[in-house]
Amino acid sequence: MSTPRIPPDAPYVPDAPYATPVPAEGGANVPPVPAGGDAANAPRVLAGAPAGTPRIPGNDYGVLAVPAPGAWEPHLTVSVVIPAKGRQDRLDLTLAALAAQTYPSHLLEVIVVDDGSSPPLRLPEIAPERTRIVGDASGRRGIAWALETGTAVADGQVIHRMDADIVSYREHVEAHMRWHHLAGYLVVMGTLRFTAMAGIPPSPAEVQIAVAKDRAGLLFEEDPEHGHDWIGELVAAHRGFRDAPSSLLHRVHVGATVSLPAALLRETGGLDTSLALGEDTELGYRLTQTGAVFVPDAEALSWHLGTTTAMRRPADVRRHNDPFIADRIPYRRHLRTDAGRQWLVPYVDVVVDAGGASFEDVRASVDGALASTLPDVHVTLTGPWASLDGERPAPLDDPLLDLRLLRGQYAHDGRVSFAERVPATSAPAPFRLVCPAGWVPGADSLARLIEQAEKDDEGLLLVALDEDESGVLAARLERTSAVARATRVLREGERLDDVIADLHGATWLDAESWKLRPAARAYPYWAVNRNREAAHWKAAAESRAREAERAQRQVAALKAELKELRAKAAKGSRDTVRWKEKAEQRRLEAVALRQAQQRSLLARAARRLRRLTEGS
(Lines give C-alpha, C1' and ligand atoms only; values in the text may rest on other atoms or scores of the structure.)
Protein backbone atom coordinates (compact mmCIF):
# COMPACT_ATOMS: atom_id res chain seq x y z
CA MET A 1 0.00 0.00 0.00
CA SER A 2 1.54 3.29 -1.08
CA THR A 3 0.94 6.58 0.64
CA PRO A 4 -0.13 9.01 -2.08
CA ARG A 5 0.01 12.73 -1.77
CA ILE A 6 -3.27 14.48 -1.14
CA PRO A 7 -4.05 17.05 -3.85
CA PRO A 8 -4.31 20.54 -2.36
CA ASP A 9 -7.88 21.03 -3.62
CA ALA A 10 -9.37 17.66 -2.65
CA PRO A 11 -9.74 15.45 0.42
CA TYR A 12 -7.66 12.32 0.59
CA VAL A 13 -9.05 9.22 -1.13
CA PRO A 14 -7.27 6.18 0.37
CA ASP A 15 -6.02 3.30 -1.69
CA ALA A 16 -7.83 -0.03 -1.60
CA PRO A 17 -8.73 -1.72 0.63
CA TYR A 18 -9.48 1.40 2.66
CA ALA A 19 -12.36 2.35 0.40
CA THR A 20 -13.87 -1.14 0.26
CA PRO A 21 -17.37 -0.97 1.72
CA VAL A 22 -18.60 -3.65 4.11
CA PRO A 23 -22.17 -4.65 3.16
CA ALA A 24 -24.73 -4.51 5.94
CA GLU A 25 -25.85 -8.08 6.58
CA GLY A 26 -29.13 -9.25 8.02
CA GLY A 27 -31.66 -7.05 9.67
CA ALA A 28 -30.84 -3.67 8.21
CA ASN A 29 -34.15 -3.09 6.45
CA VAL A 30 -36.54 -0.48 7.76
CA PRO A 31 -39.94 -1.90 8.71
CA PRO A 32 -43.02 -0.48 7.02
CA VAL A 33 -45.37 1.96 8.68
CA PRO A 34 -47.97 -0.13 10.56
CA ALA A 35 -51.54 -0.08 9.31
CA GLY A 36 -53.44 2.76 10.89
CA GLY A 37 -50.25 4.34 12.16
CA ASP A 38 -48.45 7.48 11.11
CA ALA A 39 -44.95 8.32 10.03
CA ALA A 40 -44.05 9.73 13.46
CA ASN A 41 -44.34 6.24 14.96
CA ALA A 42 -42.38 4.50 12.23
CA PRO A 43 -38.59 4.14 11.99
CA ARG A 44 -36.85 6.51 9.64
CA VAL A 45 -33.58 6.61 7.81
CA LEU A 46 -31.36 9.64 8.09
CA ALA A 47 -31.78 12.10 5.23
CA GLY A 48 -29.90 10.99 2.16
CA ALA A 49 -28.85 7.59 3.50
CA PRO A 50 -29.79 4.50 1.47
CA ALA A 51 -32.36 2.20 3.01
CA GLY A 52 -30.86 -0.15 5.55
CA THR A 53 -27.70 1.85 6.25
CA PRO A 54 -28.51 4.84 8.44
CA ARG A 55 -25.54 6.94 9.52
CA ILE A 56 -25.04 7.27 13.25
CA PRO A 57 -22.42 9.78 14.42
CA GLY A 58 -20.35 8.40 17.28
CA ASN A 59 -22.69 6.49 19.59
CA ASP A 60 -25.60 8.90 19.14
CA TYR A 61 -28.34 6.38 18.43
CA GLY A 62 -30.82 9.21 19.11
CA VAL A 63 -30.74 10.06 15.39
CA LEU A 64 -32.89 6.95 14.87
CA ALA A 65 -36.64 7.25 15.38
CA VAL A 66 -37.35 4.11 17.36
CA PRO A 67 -41.02 3.06 17.38
CA ALA A 68 -43.00 2.45 20.55
CA PRO A 69 -43.71 -1.21 21.37
CA GLY A 70 -46.79 -2.38 19.51
CA ALA A 71 -46.65 0.49 17.01
CA TRP A 72 -44.70 -1.30 14.30
CA GLU A 73 -44.59 -4.52 12.28
CA PRO A 74 -41.59 -6.81 12.91
CA HIS A 75 -40.17 -9.23 10.37
CA LEU A 76 -36.73 -10.22 11.61
CA THR A 77 -36.18 -13.59 13.27
CA VAL A 78 -34.44 -13.77 16.66
CA SER A 79 -32.73 -16.61 18.50
CA VAL A 80 -32.64 -16.28 22.28
CA VAL A 81 -29.56 -18.25 23.37
CA ILE A 82 -29.47 -19.21 27.06
CA PRO A 83 -26.37 -20.88 28.55
CA ALA A 84 -27.47 -22.84 31.64
CA LYS A 85 -25.93 -25.12 34.23
CA GLY A 86 -28.25 -26.62 36.83
CA ARG A 87 -30.90 -24.50 38.58
CA GLN A 88 -33.80 -26.01 36.66
CA ASP A 89 -36.22 -24.05 38.88
CA ARG A 90 -34.90 -20.69 37.70
CA LEU A 91 -34.67 -21.77 34.07
CA ASP A 92 -38.36 -22.72 34.26
CA LEU A 93 -39.23 -19.14 35.28
CA THR A 94 -37.04 -17.70 32.50
CA LEU A 95 -38.79 -19.81 29.85
CA ALA A 96 -42.24 -19.06 31.30
CA ALA A 97 -41.62 -15.32 30.90
CA LEU A 98 -40.39 -15.82 27.33
CA ALA A 99 -43.59 -17.74 26.56
CA ALA A 100 -45.60 -14.55 27.22
CA GLN A 101 -43.62 -12.12 25.05
CA THR A 102 -45.27 -9.71 22.61
CA TYR A 103 -42.79 -10.53 19.86
CA PRO A 104 -44.43 -12.88 17.31
CA SER A 105 -43.85 -16.51 18.24
CA HIS A 106 -43.15 -17.55 14.63
CA LEU A 107 -40.17 -15.12 14.60
CA LEU A 108 -38.81 -16.27 17.96
CA GLU A 109 -36.80 -19.36 18.83
CA VAL A 110 -35.17 -20.22 22.17
CA ILE A 111 -32.02 -22.34 22.42
CA VAL A 112 -31.01 -23.52 25.89
CA VAL A 113 -27.42 -24.79 25.98
CA ASP A 114 -26.90 -27.32 28.78
CA ASP A 115 -23.39 -26.59 30.08
CA GLY A 116 -22.87 -29.95 31.78
CA SER A 117 -25.81 -30.01 34.21
CA SER A 118 -26.29 -33.03 36.45
CA PRO A 119 -29.01 -34.15 36.13
CA PRO A 120 -29.40 -32.87 32.57
CA LEU A 121 -31.78 -29.97 32.03
CA ARG A 122 -35.26 -30.76 30.76
CA LEU A 123 -37.75 -28.77 28.74
CA PRO A 124 -40.59 -27.60 31.05
CA GLU A 125 -44.27 -27.55 30.15
CA ILE A 126 -44.39 -23.75 29.87
CA ALA A 127 -41.94 -22.48 27.24
CA PRO A 128 -42.06 -20.71 23.86
CA GLU A 129 -43.29 -22.89 21.00
CA ARG A 130 -39.89 -23.13 19.33
CA THR A 131 -37.67 -24.04 22.30
CA ARG A 132 -34.96 -26.69 22.31
CA ILE A 133 -32.16 -27.85 24.58
CA VAL A 134 -28.75 -28.57 23.05
CA GLY A 135 -25.38 -29.51 24.49
CA ASP A 136 -21.74 -29.54 23.51
CA ALA A 137 -20.92 -33.15 22.70
CA SER A 138 -17.19 -32.38 22.83
CA GLY A 139 -17.38 -31.93 26.58
CA ARG A 140 -16.03 -28.38 26.51
CA ARG A 141 -17.48 -26.25 29.30
CA GLY A 142 -17.94 -22.58 30.14
CA ILE A 143 -20.27 -19.75 29.17
CA ALA A 144 -18.28 -18.81 26.07
CA TRP A 145 -18.33 -22.38 24.73
CA ALA A 146 -22.04 -22.69 25.53
CA LEU A 147 -22.83 -19.48 23.66
CA GLU A 148 -20.73 -20.53 20.68
CA THR A 149 -22.57 -23.86 20.65
CA GLY A 150 -25.96 -22.12 20.75
CA THR A 151 -25.20 -19.50 18.11
CA ALA A 152 -23.77 -22.17 15.79
CA VAL A 153 -27.20 -23.83 15.52
CA ALA A 154 -29.29 -20.65 15.75
CA ASP A 155 -31.48 -19.71 12.81
CA GLY A 156 -32.31 -16.14 13.85
CA GLN A 157 -31.07 -13.04 12.08
CA VAL A 158 -30.53 -11.58 15.55
CA ILE A 159 -28.85 -13.32 18.50
CA HIS A 160 -30.30 -12.38 21.89
CA ARG A 161 -28.08 -13.69 24.65
CA MET A 162 -29.89 -14.16 27.96
CA ASP A 163 -28.87 -15.68 31.29
CA ALA A 164 -30.83 -18.60 32.76
CA ASP A 165 -31.90 -16.58 35.80
CA ILE A 166 -33.71 -13.77 33.96
CA VAL A 167 -37.47 -13.13 34.11
CA SER A 168 -38.22 -10.69 31.30
CA TYR A 169 -41.07 -8.22 31.13
CA ARG A 170 -43.78 -8.64 28.49
CA GLU A 171 -42.19 -6.38 25.84
CA HIS A 172 -38.58 -7.22 26.60
CA VAL A 173 -37.71 -9.03 23.36
CA GLU A 174 -39.75 -6.58 21.27
CA ALA A 175 -37.96 -3.62 22.87
CA HIS A 176 -34.65 -5.14 21.76
CA MET A 177 -35.83 -6.08 18.28
CA ARG A 178 -37.30 -2.70 17.32
CA TRP A 179 -33.74 -1.32 17.25
CA HIS A 180 -32.39 -4.10 15.03
CA HIS A 181 -35.01 -3.30 12.42
CA LEU A 182 -33.45 0.17 12.11
CA ALA A 183 -29.77 -0.66 11.51
CA GLY A 184 -27.59 -3.73 11.16
CA TYR A 185 -24.79 -2.66 13.51
CA LEU A 186 -26.55 -2.02 16.84
CA VAL A 187 -25.81 -3.80 20.12
CA VAL A 188 -28.76 -3.48 22.50
CA MET A 189 -28.50 -3.98 26.27
CA GLY A 190 -31.52 -4.55 28.46
CA THR A 191 -32.09 -3.01 31.91
CA LEU A 192 -31.95 -5.32 34.94
CA ARG A 193 -33.80 -5.15 38.25
CA PHE A 194 -32.31 -7.41 40.90
CA THR A 195 -34.34 -9.40 43.40
CA ALA A 196 -33.06 -11.31 46.40
CA MET A 197 -35.71 -14.02 45.82
CA ALA A 198 -36.98 -13.75 49.42
CA GLY A 199 -39.79 -16.08 50.40
CA ILE A 200 -41.49 -18.61 48.13
CA PRO A 201 -40.92 -17.78 44.44
CA PRO A 202 -43.85 -17.70 42.02
CA SER A 203 -44.58 -20.78 39.92
CA PRO A 204 -43.91 -20.84 36.18
CA ALA A 205 -47.67 -20.56 35.55
CA GLU A 206 -47.89 -17.50 37.79
CA VAL A 207 -44.94 -15.92 35.99
CA GLN A 208 -46.48 -16.54 32.57
CA ILE A 209 -49.83 -15.04 33.61
CA ALA A 210 -48.24 -12.00 35.28
CA VAL A 211 -45.98 -11.28 32.28
CA ALA A 212 -48.85 -11.73 29.82
CA LYS A 213 -50.96 -9.25 31.80
CA ASP A 214 -48.05 -6.77 31.90
CA ARG A 215 -47.63 -7.21 35.66
CA ALA A 216 -44.08 -8.56 35.72
CA GLY A 217 -43.04 -5.67 37.95
CA LEU A 218 -45.20 -7.10 40.76
CA LEU A 219 -43.65 -10.57 40.72
CA PHE A 220 -40.70 -9.79 43.01
CA GLU A 221 -39.40 -7.29 45.55
CA GLU A 222 -36.43 -5.29 44.33
CA ASP A 223 -33.18 -5.86 46.22
CA PRO A 224 -32.07 -2.45 47.56
CA GLU A 225 -28.56 -3.72 48.29
CA HIS A 226 -27.63 -4.93 44.81
CA GLY A 227 -27.92 -3.69 41.25
CA HIS A 228 -26.04 -2.39 38.23
CA ASP A 229 -25.95 1.16 39.59
CA TRP A 230 -22.54 1.70 37.97
CA ILE A 231 -24.07 1.12 34.53
CA GLY A 232 -26.88 3.55 35.28
CA GLU A 233 -24.35 6.16 36.37
CA LEU A 234 -22.29 5.73 33.18
CA VAL A 235 -25.39 5.95 31.01
CA ALA A 236 -26.70 9.03 32.83
CA ALA A 237 -23.30 10.75 32.75
CA HIS A 238 -23.17 10.49 28.96
CA ARG A 239 -26.67 11.60 27.94
CA GLY A 240 -28.14 8.14 27.82
CA PHE A 241 -24.76 6.88 26.52
CA ARG A 242 -25.33 8.83 23.31
CA ASP A 243 -22.13 10.85 23.74
CA ALA A 244 -20.08 8.13 25.44
CA PRO A 245 -16.46 8.02 24.14
CA SER A 246 -15.34 5.05 22.09
CA SER A 247 -13.03 3.76 24.82
CA LEU A 248 -15.97 3.46 27.23
CA LEU A 249 -18.54 1.64 25.09
CA HIS A 250 -17.49 -1.92 25.93
CA ARG A 251 -17.87 -1.34 29.67
CA VAL A 252 -21.68 -1.66 29.58
CA HIS A 253 -21.68 -4.84 27.50
CA VAL A 254 -22.76 -7.32 30.17
CA GLY A 255 -24.17 -10.64 29.08
CA ALA A 256 -27.33 -11.02 31.17
CA THR A 257 -29.51 -9.69 28.34
CA VAL A 258 -27.89 -8.33 25.19
CA SER A 259 -28.76 -8.65 21.51
CA LEU A 260 -26.99 -8.03 18.22
CA PRO A 261 -27.27 -9.07 14.55
CA ALA A 262 -25.97 -12.58 13.92
CA ALA A 263 -23.95 -11.25 10.97
CA LEU A 264 -22.25 -8.70 13.22
CA LEU A 265 -21.38 -11.42 15.73
CA ARG A 266 -19.85 -13.54 12.96
CA GLU A 267 -17.96 -10.54 11.60
CA THR A 268 -16.51 -9.89 15.04
CA GLY A 269 -15.32 -13.47 15.38
CA GLY A 270 -17.73 -14.73 18.01
CA LEU A 271 -16.91 -15.40 21.65
CA ASP A 272 -13.36 -15.87 22.91
CA THR A 273 -13.73 -19.44 24.15
CA SER A 274 -10.40 -19.32 25.98
CA LEU A 275 -11.97 -17.08 28.62
CA ALA A 276 -13.75 -18.56 31.64
CA LEU A 277 -14.96 -15.15 32.85
CA GLY A 278 -15.18 -11.68 31.30
CA GLU A 279 -16.07 -13.03 27.86
CA ASP A 280 -18.88 -10.49 27.50
CA THR A 281 -16.60 -7.52 28.23
CA GLU A 282 -13.98 -8.78 25.77
CA LEU A 283 -16.61 -9.30 23.07
CA GLY A 284 -17.94 -5.80 23.73
CA TYR A 285 -14.45 -4.43 23.07
CA ARG A 286 -14.17 -6.22 19.71
CA LEU A 287 -17.66 -5.10 18.78
CA THR A 288 -16.52 -1.53 19.37
CA GLN A 289 -13.74 -2.02 16.82
CA THR A 290 -16.25 -3.12 14.18
CA GLY A 291 -18.00 0.25 14.43
CA ALA A 292 -20.96 -1.04 16.46
CA VAL A 293 -23.34 1.34 18.25
CA PHE A 294 -24.29 0.45 21.84
CA VAL A 295 -27.88 1.11 22.92
CA PRO A 296 -28.84 0.75 26.61
CA ASP A 297 -32.65 0.43 26.44
CA ALA A 298 -34.43 1.43 29.66
CA GLU A 299 -37.68 -0.09 28.34
CA ALA A 300 -36.18 -3.57 27.86
CA LEU A 301 -36.81 -4.52 31.49
CA SER A 302 -36.24 -7.82 33.22
CA TRP A 303 -35.71 -9.30 36.67
CA HIS A 304 -32.40 -10.87 37.65
CA LEU A 305 -33.06 -13.69 40.12
CA GLY A 306 -30.45 -13.31 42.85
CA THR A 307 -27.02 -11.72 42.69
CA THR A 308 -24.14 -12.26 40.30
CA THR A 309 -20.74 -13.77 41.10
CA ALA A 310 -19.18 -10.35 40.56
CA MET A 311 -21.45 -8.93 43.26
CA ARG A 312 -20.74 -11.70 45.74
CA ARG A 313 -16.98 -11.93 45.17
CA PRO A 314 -15.87 -8.71 43.43
CA ALA A 315 -12.23 -8.80 44.53
CA ASP A 316 -11.80 -12.43 43.43
CA VAL A 317 -13.43 -11.74 40.05
CA ARG A 318 -11.17 -8.74 39.41
CA ARG A 319 -8.08 -10.70 40.43
CA HIS A 320 -9.04 -13.48 38.04
CA ASN A 321 -10.00 -11.26 35.10
CA ASP A 322 -7.31 -8.57 35.16
CA PRO A 323 -4.51 -10.54 33.42
CA PHE A 324 -6.82 -11.74 30.62
CA ILE A 325 -8.50 -8.36 30.15
CA ALA A 326 -5.16 -6.53 30.17
CA ASP A 327 -3.91 -8.78 27.35
CA ARG A 328 -6.98 -8.26 25.19
CA ILE A 329 -8.34 -4.75 25.86
CA PRO A 330 -5.77 -1.96 25.31
CA TYR A 331 -8.22 0.66 26.62
CA ARG A 332 -7.56 -0.60 30.16
CA ARG A 333 -4.40 1.46 30.44
CA HIS A 334 -4.15 1.04 34.22
CA LEU A 335 -3.62 -2.69 33.68
CA ARG A 336 -0.71 -2.17 31.27
CA THR A 337 1.91 -0.61 33.49
CA ASP A 338 4.55 -3.35 33.37
CA ALA A 339 7.73 -2.28 31.59
CA GLY A 340 9.08 -4.32 28.70
CA ARG A 341 5.89 -6.33 28.15
CA GLN A 342 4.32 -7.41 24.86
CA TRP A 343 0.57 -7.82 24.67
CA LEU A 344 -1.80 -9.89 22.58
CA VAL A 345 -3.66 -6.82 21.29
CA PRO A 346 -1.51 -3.69 20.68
CA TYR A 347 -2.72 -0.18 21.42
CA VAL A 348 -1.56 1.10 18.04
CA ASP A 349 -0.53 -0.61 14.82
CA VAL A 350 2.00 1.37 12.80
CA VAL A 351 1.77 0.57 9.09
CA VAL A 352 4.81 1.27 6.92
CA ASP A 353 4.81 0.44 3.21
CA ALA A 354 8.10 -1.17 2.20
CA GLY A 355 7.24 -1.40 -1.50
CA GLY A 356 9.57 0.81 -3.50
CA ALA A 357 11.28 2.32 -0.44
CA SER A 358 14.89 1.89 0.62
CA PHE A 359 15.94 -0.38 3.46
CA GLU A 360 17.32 2.59 5.36
CA ASP A 361 14.15 4.70 5.07
CA VAL A 362 11.86 1.87 6.13
CA ARG A 363 14.14 0.88 8.97
CA ALA A 364 14.23 4.43 10.27
CA SER A 365 10.42 4.57 10.37
CA VAL A 366 10.05 1.14 11.96
CA ASP A 367 12.71 1.68 14.60
CA GLY A 368 11.28 5.07 15.48
CA ALA A 369 7.87 3.50 16.07
CA LEU A 370 9.28 0.62 18.13
CA ALA A 371 11.19 3.07 20.34
CA SER A 372 7.94 4.76 21.38
CA THR A 373 7.25 5.50 25.01
CA LEU A 374 4.06 3.46 24.54
CA PRO A 375 4.70 -0.13 25.65
CA ASP A 376 2.18 -1.75 23.30
CA VAL A 377 3.11 -0.81 19.73
CA HIS A 378 2.99 -3.18 16.77
CA VAL A 379 4.40 -2.55 13.29
CA THR A 380 2.97 -3.96 10.07
CA LEU A 381 5.28 -3.89 7.07
CA THR A 382 3.42 -4.10 3.76
CA GLY A 383 5.06 -5.15 0.54
CA PRO A 384 5.38 -7.97 -2.04
CA TRP A 385 6.93 -10.41 0.42
CA ALA A 386 5.78 -13.48 -1.53
CA SER A 387 8.14 -12.46 -4.34
CA LEU A 388 11.10 -13.24 -2.05
CA ASP A 389 10.28 -16.96 -2.01
CA GLY A 390 11.43 -17.66 -5.58
CA GLU A 391 14.89 -18.31 -6.92
CA ARG A 392 17.43 -15.98 -5.36
CA PRO A 393 19.93 -14.14 -7.61
CA ALA A 394 23.41 -13.03 -6.63
CA PRO A 395 23.11 -11.48 -3.15
CA LEU A 396 24.58 -8.08 -3.93
CA ASP A 397 22.81 -7.74 -7.28
CA ASP A 398 19.38 -8.82 -6.02
CA PRO A 399 16.70 -6.41 -7.37
CA LEU A 400 14.66 -7.21 -4.22
CA LEU A 401 17.60 -6.66 -1.89
CA ASP A 402 15.91 -3.94 0.19
CA LEU A 403 12.88 -6.14 0.86
CA ARG A 404 15.13 -9.08 1.70
CA LEU A 405 17.16 -6.99 4.12
CA LEU A 406 14.00 -5.78 5.84
CA ARG A 407 12.72 -9.30 6.29
CA GLY A 408 16.08 -10.32 7.65
CA GLN A 409 16.09 -7.34 10.00
CA TYR A 410 12.65 -7.95 11.55
CA ALA A 411 11.77 -11.59 10.87
CA HIS A 412 12.26 -12.54 14.52
CA ASP A 413 10.92 -9.41 16.18
CA GLY A 414 7.59 -10.33 17.75
CA ARG A 415 6.38 -6.75 17.42
CA VAL A 416 6.70 -6.72 13.61
CA SER A 417 4.56 -8.59 11.09
CA PHE A 418 4.61 -8.75 7.30
CA ALA A 419 1.58 -8.35 5.04
CA GLU A 420 1.09 -8.23 1.29
CA ARG A 421 -1.57 -5.55 1.82
CA VAL A 422 -3.08 -4.02 4.88
CA PRO A 423 -6.73 -4.84 5.74
CA ALA A 424 -9.44 -2.22 5.96
CA THR A 425 -8.68 -1.67 9.65
CA SER A 426 -6.13 -2.85 12.17
CA ALA A 427 -8.78 -4.41 14.43
CA PRO A 428 -8.63 -5.44 17.18
CA ALA A 429 -6.03 -2.69 17.77
CA PRO A 430 -7.99 0.53 18.49
CA PHE A 431 -5.59 2.82 16.58
CA ARG A 432 -3.45 2.71 13.45
CA LEU A 433 -0.76 5.10 12.29
CA VAL A 434 -0.08 4.94 8.54
CA CYS A 435 3.46 6.34 8.33
CA PRO A 436 5.20 6.98 5.00
CA ALA A 437 8.58 5.28 4.79
CA GLY A 438 11.39 7.65 5.61
CA TRP A 439 9.47 9.58 8.26
CA VAL A 440 10.30 8.89 11.88
CA PRO A 441 7.92 9.42 14.82
CA GLY A 442 9.52 10.77 17.97
CA ALA A 443 9.56 8.80 21.20
CA ASP A 444 6.38 10.43 22.48
CA SER A 445 4.70 11.14 19.12
CA LEU A 446 2.37 8.14 19.19
CA ALA A 447 1.33 8.72 22.79
CA ARG A 448 0.62 12.39 22.14
CA LEU A 449 -1.31 11.75 18.93
CA ILE A 450 -3.52 9.16 20.61
CA GLU A 451 -4.04 11.47 23.57
CA GLN A 452 -5.13 14.19 21.12
CA ALA A 453 -7.54 11.83 19.38
CA GLU A 454 -8.98 10.67 22.69
CA LYS A 455 -9.54 14.21 23.93
CA ASP A 456 -12.41 14.79 21.50
CA ASP A 457 -12.97 11.14 20.46
CA GLU A 458 -11.88 12.04 16.92
CA GLY A 459 -11.82 9.46 14.16
CA LEU A 460 -8.87 10.73 12.10
CA LEU A 461 -5.77 12.87 12.61
CA LEU A 462 -3.79 13.87 9.51
CA VAL A 463 -0.21 15.03 10.09
CA ALA A 464 1.09 17.11 7.17
CA LEU A 465 4.68 16.03 6.51
CA ASP A 466 5.59 17.61 3.18
CA GLU A 467 3.93 19.55 0.39
CA ASP A 468 4.68 20.30 -3.23
CA GLU A 469 2.74 21.02 -6.39
CA SER A 470 1.40 17.45 -6.47
CA GLY A 471 -0.20 17.68 -3.04
CA VAL A 472 0.39 16.99 0.66
CA LEU A 473 2.22 13.99 2.06
CA ALA A 474 0.57 13.02 5.35
CA ALA A 475 0.75 10.48 8.12
CA ARG A 476 -2.65 9.22 9.31
CA LEU A 477 -3.71 8.26 12.83
CA GLU A 478 -6.94 6.34 12.35
CA ARG A 479 -9.38 5.27 15.06
CA THR A 480 -10.29 1.70 14.14
CA SER A 481 -13.93 1.97 15.18
CA ALA A 482 -14.40 5.19 13.19
CA VAL A 483 -12.90 3.73 10.01
CA ALA A 484 -15.02 0.59 10.43
CA ARG A 485 -18.20 2.62 10.88
CA ALA A 486 -17.45 4.86 7.89
CA THR A 487 -16.58 1.85 5.73
CA ARG A 488 -19.85 0.21 6.74
CA VAL A 489 -21.99 3.12 5.49
CA LEU A 490 -19.79 4.33 2.63
CA ARG A 491 -21.71 5.04 -0.57
CA GLU A 492 -20.39 4.68 -4.05
CA GLY A 493 -18.34 7.66 -5.12
CA GLU A 494 -17.80 8.96 -1.58
CA ARG A 495 -14.44 9.64 0.02
CA LEU A 496 -13.83 7.66 3.18
CA ASP A 497 -12.20 10.60 4.97
CA ASP A 498 -15.28 12.73 4.39
CA VAL A 499 -17.49 10.12 6.01
CA ILE A 500 -15.08 9.69 8.95
CA ALA A 501 -15.03 13.45 9.46
CA ASP A 502 -18.82 13.59 9.31
CA LEU A 503 -19.39 10.80 11.84
CA HIS A 504 -16.38 11.13 14.16
CA GLY A 505 -14.40 14.23 13.26
CA ALA A 506 -11.03 14.76 11.55
CA THR A 507 -8.21 17.25 12.18
CA TRP A 508 -5.05 18.34 10.37
CA LEU A 509 -1.81 18.74 12.38
CA ASP A 510 1.74 19.82 11.55
CA ALA A 511 4.73 17.47 11.69
CA GLU A 512 7.03 19.77 13.66
CA SER A 513 4.68 20.14 16.63
CA TRP A 514 4.13 16.38 16.81
CA LYS A 515 7.80 15.45 16.29
CA LEU A 516 7.62 13.50 13.05
CA ARG A 517 10.95 13.98 11.31
CA PRO A 518 12.37 12.95 7.93
CA ALA A 519 14.88 10.11 7.96
CA ALA A 520 17.61 12.47 6.73
CA ARG A 521 17.47 14.17 10.14
CA ALA A 522 16.88 11.03 12.18
CA TYR A 523 18.99 8.42 10.37
CA PRO A 524 21.52 6.89 11.07
CA TYR A 525 20.67 7.90 14.64
CA TRP A 526 18.18 5.05 14.87
CA ALA A 527 20.46 2.56 13.19
CA VAL A 528 23.17 3.13 15.79
CA ASN A 529 20.81 2.49 18.69
CA ARG A 530 17.09 2.30 18.02
CA ASN A 531 16.35 2.41 21.74
CA ARG A 532 18.47 5.47 22.45
CA GLU A 533 15.61 7.96 22.52
CA ALA A 534 13.39 5.61 24.48
CA ALA A 535 16.27 5.08 26.91
CA HIS A 536 16.72 8.85 27.11
CA TRP A 537 13.08 9.37 27.98
CA LYS A 538 13.16 6.50 30.45
CA ALA A 539 16.26 7.97 32.09
CA ALA A 540 14.62 11.40 32.17
CA ALA A 541 11.52 9.92 33.76
CA GLU A 542 13.61 8.05 36.31
CA SER A 543 15.55 11.23 37.03
CA ARG A 544 12.31 13.15 37.56
CA ALA A 545 11.12 10.33 39.78
CA ARG A 546 14.31 10.54 41.85
CA GLU A 547 13.96 14.31 42.10
CA ALA A 548 10.36 13.92 43.17
CA GLU A 549 11.41 11.31 45.73
CA ARG A 550 14.12 13.65 47.09
CA ALA A 551 11.63 16.48 47.25
CA GLN A 552 9.18 14.24 49.07
CA ARG A 553 11.91 13.27 51.55
CA GLN A 554 12.77 16.95 52.06
CA VAL A 555 9.12 17.80 52.59
CA ALA A 556 8.83 14.92 55.05
CA ALA A 557 11.96 16.12 56.90
CA LEU A 558 10.63 19.68 57.03
CA LYS A 559 7.32 18.42 58.32
CA ALA A 560 9.10 16.40 60.99
CA GLU A 561 11.22 19.43 61.95
CA LEU A 562 8.17 21.64 62.05
CA LYS A 563 6.40 19.10 64.20
CA GLU A 564 9.38 19.02 66.58
CA LEU A 565 9.49 22.82 66.75
CA ARG A 566 5.80 22.97 67.42
CA ALA A 567 6.23 20.36 70.12
CA LYS A 568 9.05 22.40 71.67
CA ALA A 569 7.01 25.59 71.41
CA ALA A 570 4.09 23.85 73.01
CA LYS A 571 6.36 22.54 75.75
CA GLY A 572 7.76 26.06 76.24
CA SER A 573 4.27 27.43 76.55
CA ARG A 574 3.38 24.79 79.07
CA ASP A 575 6.62 25.50 81.02
CA THR A 576 5.87 29.22 80.99
CA VAL A 577 2.45 28.65 82.41
CA ARG A 578 3.80 26.23 84.97
CA TRP A 579 6.60 28.58 86.14
CA LYS A 580 4.21 31.49 86.14
CA GLU A 581 1.91 29.54 88.41
CA LYS A 582 4.84 28.59 90.67
CA ALA A 583 6.04 32.21 90.83
CA GLU A 584 2.58 33.33 91.84
CA GLN A 585 2.51 30.61 94.46
CA ARG A 586 5.90 31.74 95.83
CA ARG A 587 4.71 35.35 95.93
CA LEU A 588 1.64 34.40 97.88
CA GLU A 589 3.75 32.30 100.22
CA ALA A 590 6.15 35.25 100.76
CA VAL A 591 3.25 37.62 101.50
CA ALA A 592 1.80 35.15 103.97
CA LEU A 593 5.20 34.70 105.59
CA ARG A 594 5.71 38.44 105.95
CA GLN A 595 2.26 38.82 107.43
CA ALA A 596 2.97 35.98 109.84
CA GLN A 597 6.28 37.55 110.81
CA GLN A 598 4.63 40.90 111.41
CA ARG A 599 2.00 39.27 113.58
CA SER A 600 4.73 37.50 115.53
CA LEU A 601 6.70 40.75 116.16
CA LEU A 602 3.58 42.57 117.31
CA ALA A 603 2.76 39.74 119.67
CA ARG A 604 6.24 39.75 121.18
CA ALA A 605 6.16 43.57 121.58
CA ALA A 606 2.77 43.38 123.28
CA ARG A 607 3.97 40.72 125.71
CA ARG A 608 7.05 42.79 126.54
CA LEU A 609 4.91 45.86 127.11
CA ARG A 610 2.64 43.93 129.46
CA ARG A 611 5.62 42.68 131.45
CA LEU A 612 7.04 46.24 131.78
CA THR A 613 3.66 47.56 132.94
CA GLU A 614 3.24 44.84 135.52
CA GLY A 615 6.77 45.40 136.82
CA SER A 616 6.13 49.08 137.38
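Glu494 and Arg55 form a salt bridge with N to O at 2.3 Å, where a salt bridge is a side-chain nitrogen of Lys or Arg within 4 Å of a carboxyl oxygen of Asp or Glu. This pair links distant parts of the chain, 439 residues apart: Glu494 is in the loop between helix H13 (480-489) and helix H14 (496-503), and Arg55 is in the segment before strand S1 (78-84). Helices (H or I, at least four residues) and strands (E, at least two) are DSSP runs, numbered from the N terminus.

The model is predicted: local features need pLDDT of at least 70 and side-chain atom pairs pLDDT 80 or more, while totals for chains, interfaces and linings use all residues. Residues are numbered from 1 along each chain as its sequence is written, and side-chain values use heavy atoms, leaving out hydrogens and water.

Arg55 counts as buried because its relative accessibility is 9%; buried means under 20% relative accessible area, exposed over 50%, and partly exposed in between (1.4 Å probe, protein chains only). Glu494, at 26%, is partly exposed. Glu494 also forms a salt bridge with Arg491.

The structure holds 36 salt bridges, including these:

| Pair | N to O distance |
|---|---|
| Glu494 and Arg55 | 2.3 Å |
| Asp155 and Arg132 | 3.9 Å |
| Arg491 and Glu494 | 3.9 Å |

Strands S14 (residues 460-468) and S15 (residues 471-479) run antiparallel and are joined by eight bridges; strands count as paired if DSSP finds at least two bridges between them. A hairpin of two residues connects S14 to S15. S14 also pairs with S16 (residues 506-510), in the parallel sense, over five bridges.
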